[in-house]
Amino acid sequence: MSVAKVGAVVLDCPDPRALAGFYAGLVGGTVEGEGDWVDLRVPGGPVLAFQAAPGLVPPQWPAADHSQQFHLDLTVEDLDAAEKEVLALGAKPLDAEDRSRTFRVYADPAGHPFCLCAC
């Protein structure tokens, strides 16, 4: 028996509305809220929430002395097609050169790492 259930995955960022818009373009859903806290409600998935953190220092990939804190694995059918879309949304590649792997690593506009996975 579990003690709790996941209510939301919360990402600190300088601009909650902008980062919620980035992820809405990536995974769909509805952006709700303004100001220091914005939710992205994804049908059939967990809520992604974005909290204002003006002094955020983004993690570095890969760097043991600059913890990535967490990252999202996002499953896609076609890595090349998905890569074009996330780059157009404002993502930056962190580790995407090895085209033989089943995943590629990017950073969202606030610097959080995420992986596109064709697993």
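User: What makes two strands a pair, and what makes a run a strand?

Analyst: Two strands pair if DSSP finds at least two bridges between them. A strand is a DSSP run of E, at least two residues long, numbered from the N terminus. This model is predicted: local features need pLDDT of at least 70, side-chain atom pairs count only at pLDDT 80 or more, and totals for chains, interfaces and linings use all residues. Residues are numbered from 1 along each chain as its sequence is written, and side-chain values use heavy atoms, with hydrogens and water left out.

User: What is the strand order in the open sheet?

Analyst: The four strands run β1-β4-β3-β2, with mixed pairing. β1 (8–13) and β2 (30–32) are the edge strands, since each pairs on one side only.

User: How do you know that β1 and β4 pair?

Analyst: Pairing takes at least two bridges. Six bridges join β1 to β4 (residues 47–52), and the two run parallel. So they pair. In one of the bridges, Cys13 has Ala52 in β4 as its partner.

User: Why is Asp39 called buried?

Analyst: Buried means under 20% relative accessible area, exposed over 50%, partly exposed in between (1.4 Å probe, protein chains only). Asp39 has 14%, so Asp39 is buried. Asp39 lies in β3 (residues 37–41).

User: What makes the link from Asp39 to Trp37 a polar contact?

Analyst: A polar contact is a pair of N or O atoms within 3.5 Å; within protein, one must be able to donate a hydrogen and the other to accept it, and residues adjacent in sequence count only if both atoms are side-chain atoms. The Asp39 and Trp37 side chains make such a contact at 2.9 Å. The Asp39 side chain also makes one with the side chain of Arg41, at 3.3 Å.
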